[in-house]
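Open the model in your viewer and colour it by chain. The stops below say what to select and what is found there.

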Amino acid sequence: MLPAWIIVIGVFIGAMIWTFVISMTNSRLIPIYKFNFFDQYVRLMGNDGWLVSVGNLVVFGVLFIVVCLVLGFLMAIMMDQKIRAESLFRTIFLYPYAMSFVVTGLVWQWVLNPTFGIQATVRGWGFDNFVFDWIVRPDRAIFVLVLAAVWQGSGLVMAILLAGLRGVDEDLWKATKVDGIAKWRVYTSIILPIIAPMAATATVLLSVSVVKAYDLVVALTGGGPGNATEVPAKFVMENLFERQNVALANAGAIMMLAAVVIIATPIYYARRIMAQKAAG
Amino acid sequence: MAQRAEKTIARFGVYAFLIIMAAFFLMPLYVMVATSLKTMDEVRGSSIFAIPMRPTLEAWTTAWNAACTGLTCAGVSVGFFNSLKIMIPSTFLSILLGAVTGYALSFWRPKGAGVIFAVLVVAAFIPYQVFIYPLVRVLSQVGLYNSLGGIIMVHVIFGLPVMVLMFRNYYAGLPRDLFSAARVDGGGFWDIFFRLMLPLSPPILIVAVILQSTHIWNDFLFGLVFAGSDNRPMTVLLNNIVNTTQGEKAYNVDMAATILTALVPLVIYLASGRWFVRGIAAGAVKG
Amino acid sequence: MTAVSIQDLEIQFGSVKVLQNLNLDIASGEFIVLLGSSGCGKSTLLNSIAGLIDVHGGKIMIGNRDMTHAEPKDRGLGMVFQSYALYPQTTVEGNLTFGLRVAKLPKDEIERRVAKVSDMLQIKPYLKRRPAALSGGQRQRVAIGRALVRDADVYLFDEPLSNLDAKLRAELRVELKTLHEDIGKTMIYVTHDQVEAMTLATRIAVMQNGVIQQLASPEEIYNRPANLFVADFIGSPAMNFLSGTLVPQGERVEFRLKDGHALDVTAYPFASKPAGRTEAILGIRPEHLAIAPREDLLPLDMTVNVIETMGADTVIWGTCGGEKISVRVNSELKLNPARGSTLKLGFSLGSASLFSKADGVRL
């Protein structure tokens with residue numbers, strides 16, 4: 001148990017406190033313990049780079065989560081129709097999840113490359129005015145990020161929700177058939193509430209990966225064009241290792257932590273309340 | 001008759017949806033492979049979707065041992081072996097530590113077990129950025145920063161929450177009487193772990209190996225920060241090759257290097273099949 | 001030969017005290033059954049003797065040695081579990097030898113013990129099989145065997161027969177009894193099944209709410225229950241209870257039922273004669289009520305309600321002074337009284353029990 005204790009106390013709790021402490025100082029490269037309390041947080045709120053990053057993350061996060069859930073749910077329902085080659089489809093939908101974000105980013109960078117990629121191909125088919133240059137357009141690049149992330153993550157949502165669908169009592173389906181309820185009605189009003197806990201799990205997973213988003217951005221767009229796809233994690237890393245703004249970076253990290261807490265806590269409690277209700 | 005027709009149309013719709021989705025999911029993989037098999041002339045002269053006319057592995061060999069990052073041109077092979085050196089011990093150690101801790105929490109229930117478990121569960125959700133700076137400071141103090149030992153340690157530490165969670169839940173599913181019987185039979189902490197629990201653990205061990213090896217292989221952040229220039233894992237090297245080249249980009253080589261990097265987790269994924277899905281369910285807390 | 005002595009034992013889970021000031025002395029070679037419904041603390045007591053849960057106060061002595069905080073393996077015990085708890089990854093032989101291998105016993109000694117035990121329990125034919133390939137009865141034999149090879153001084157059984165069907169349970173019960181007579185070791189056995197308790201035990205400890213209500217031989221427990229709880233818990237159908245008042249009149253003592261009916265209970269072996277009028281409860285087992293009234297029996301009237309035929313016996317349910325009672329009679333009597341008719345009953349004071357209404361204790 002000793003190693004676990006050391007890691008739990010020394011690393012997880014200790015490092016978190018240390019990071020918080022440094023965020024209250026004016027440290028640049030090495031820690032200086034002269035406290036100015038929340039100055040760094042005030043600076044952060046006035047820092048354009050940070051604000052843009054947060055704004056980008058919100059747009060990216062909301063779109064990514066919504067699209068992933070909708071697409072994942074649709075795929076799960078379709079997979080649940082006693083189809084042929086189910087395991088083949090499952091394999092295809094899930095393989096991107098096995099790959100590194102770096103790989104995902106680089107592949108989509110290439111596919112969406114305006115000079116060679118989809119835009120060029122469609123133009124080659126004779127549609128000379130076809131435009132699909134989101135990756136180089138500051139007002140569209142964030143959607144490219146969403147596209148690549150959905151490609152990687154929606155299979156996971158599908159797998160989680162499909163497991164939930166498979167757990168639904170067969171007799172329930174028989175009952176709705178006897179009652180003559182349309183299938184889509186059954187899915188929306190009966191099945192969806194049953195698998196809500198799985199959907200909540202998937203949402204937590206996706207949210208956490210949104211806040212952590214770093215690799216994908218670095219590989220796919222490098223934060224550009226301009227700062228159109230900058231994200232907080234990247235902001236923290238740059239201030240930590242390139243701009244020697246350690247205190248500011250740690251303040252950013254603490255804000256990321258706060259974001260996770262704000263997202264995860266209500267979902268956690270919602271699930272507990274649901275579980276308690278189910279238990280009676 | 002009308003009802004049957006309706007059913008057929010519905011079936012058709014289902015398959016149409018699935019096939020279109022499958023095409024969307026497979027497209028990047030196809031483009032990646034096709035591009036890597038072309039020469040640069042062919043890349044420039046054809047659509048990314050075009051089938052390679054004269055497939056060649058030239059780009060693959062270049063990517064493997066000659067692609068450049070900055071001034072060094074040794075290909076991704078260096079990263080491949082670095083990644084192996086990082087992945088194998090990290091996977092082994094994090095699983096061992098996770099299994100022992102999960103076993104202890106589940107059966108021996110030492111004082112404070114609840115606290116440890118709670119912290120580990122929460123830690124699985126915390127953004128790594130919160131831990132990075134203190135870890136860099138501490139590791140450089142003890143001389144492990146930018147070393148193989150350091151990066152392995154980091155992987156073991158951050159693998160612990162999910163591993164403990166998985167093993168604890170698995171052991172909690174075993175009958176407690178089994179543990180009691182072994183204790184009455186004279187087994188101590190390690191006797192019971194190695195002779196009874198470990199032999200009962202292959203299902204969860206397989207899942208853990210799949211989960212940890214792919215996660216560690218796919219890691220970018222820790223490799224970038226902690227591995228140092230001598231131990232850069234394949235993902236970091238790949239990103240450097242593709243995103244920092246000066247002059248004209250060799251897209252075919254880039255794609256070949258990308259495939260090579262994706263190959264190990266892909267093989268693990270395809271070989272493990274349903275186990276991978278179970279791993280996702282078990283390790284669902286990891287983001 | 002090993003005695004087990006439990007002194008002032010105290011166990012709590014969190015802030016809940018499960019056992020408090022519990023004392024139990026078990027003589028060497030005894031077969032003690034801890035009997036009670038679930039949650040009465042019987043399994044907790046057994047697990048504490050085994051060393052599987054922490055003790056918060058008191059002492060556990062095994063063979064005159066203080067084992068209160070000893071490791072389970074050092075207590076010289078063998079234990080059999082309700083779920084069998086066979087190690088699934090290894091064969092029957094592996095299960096039997098696990099503890100011996102951990103203890104690093106010499107190989108020929110291990111072989112000798114396995115041979116002896118597998119002979120005794122007739123599990124030799126499936127020594128090489130895995131637990132999953134065995135039936136429930138075979139698994140339980142193996143679990144017993146695993147305890148026996150340890151050559152322990154004390155054997156603990158935690159509801160070992162509960163997962164078996166009725167027929168197998170009866171079979172193994174007899175085997176366990178024979179086993180105890182053969183090896184003569186101290187055995188402590190937890191069950192909620194009173195038939196098992198009555199047939200196996202040399203003494204039964206009836207438990208409720210973490211307290212031993214009565215510790216006595218099966219006969220004593222059955223015929224002279226120490227309090228209302230024990231009287232009600234043991235026996236099926238349950239003992240009949242009639243409430244009333246004890247009225248001493250000089251040398252005589254009368255028991256007045258609620259309907260005014262008075263019984264002369266002077267001859268009852270009172271622990272101490274009631275000093276004044278005392279609210280009391282009269283307990284009579286269904287089979288101790290005789291149908292034919294005789295001179296030497298005390299009379300009772302019963303209004304018949306339902307008749308249950310149970311093979312050898314027939315149980316007649318009805319009321320006596322408004323309280324529900326039952327009578328067990330031999331089916332051969334071919335009694336078939338009409339519903340609502342009155343049946344004249346009689347009982348002897350020697351087989352009856354009187355309890356104080358205030359605290360339920362036997363008078």
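Among contacts in chain B between residues at least 6 apart in sequence, what percentage join residues at least 24 apart? The figure is 76%. As the model is predicted, this value and those that follow are computed from predicted coordinates.

**Stop 1: chain B alone**

Select chain B and hide the rest. Its secondary structure consists of 14 helices and 0 strands, so the pattern along the sequence is α-α-α-α-α-α-α-α-α-α-α-α-α-α, and the chain is more spread out than a compact globule because its radius of gyration, 24 Å, is well over the 19 Å that the globule rule gives for 287 residues. Taken along the principal axes, the box filled by the C-alpha atoms of chain B is roughly 75 × 75 × 30 Å. Of the 287 residues in chain B, 51% are buried.

**Stop 2: where chain B meets chain A**

Bring chain A back. Here 66 residues of chain A are in contact with 60 residues of chain B. On the chain B side, select helix H1, residues 2–36: this helix gives the most, with 11 residues.

**Stop 3**

**Stop 4: chain C alone**

Now keep chain C only. It has 8 helices and 19 strands. The C-alpha trace of chain C spans about 75 × 45 × 35 Å along its principal axes. Buried residues are 38% of the 363 residues in chain C. Among contacts in chain C with a separation of 6 or more, 64% are between residues 24 or more positions apart.

**Stop 5: a sheet in chain C**

How many strands form the open sheet with the order S2-S1-S4-S5 in chain C? There are 4, and the pairing is antiparallel. Select strand S2 (16–26) and strand S5 (65–66) of chain C: each stands at an edge with a single partner strand, so one side of each has no neighbour in the sheet. To finish, pick C:Met61, whose bridge partner in S5(C) is C:Asp66.

Technical notes: Residues numbered from 1 in each chain as written. Chains lettered and ligands numbered in written order. Predicted model: local features only at pLDDT ≥ 70, side-chain atom pairs only at ≥ 80, totals over all residues. Pairing = 2+ DSSP bridges. Helix = DSSP H or I, 4+ residues; strand = E, 2+ residues; numbered from the N terminus. Buried ≥ 20, exposed ≤ 12 C-beta atoms within 10 Å, placed from the backbone. Contact = placed C-beta atoms within 7 Å. Rg over C-alpha atoms; globule rule 2.2 N^0.38 Å.
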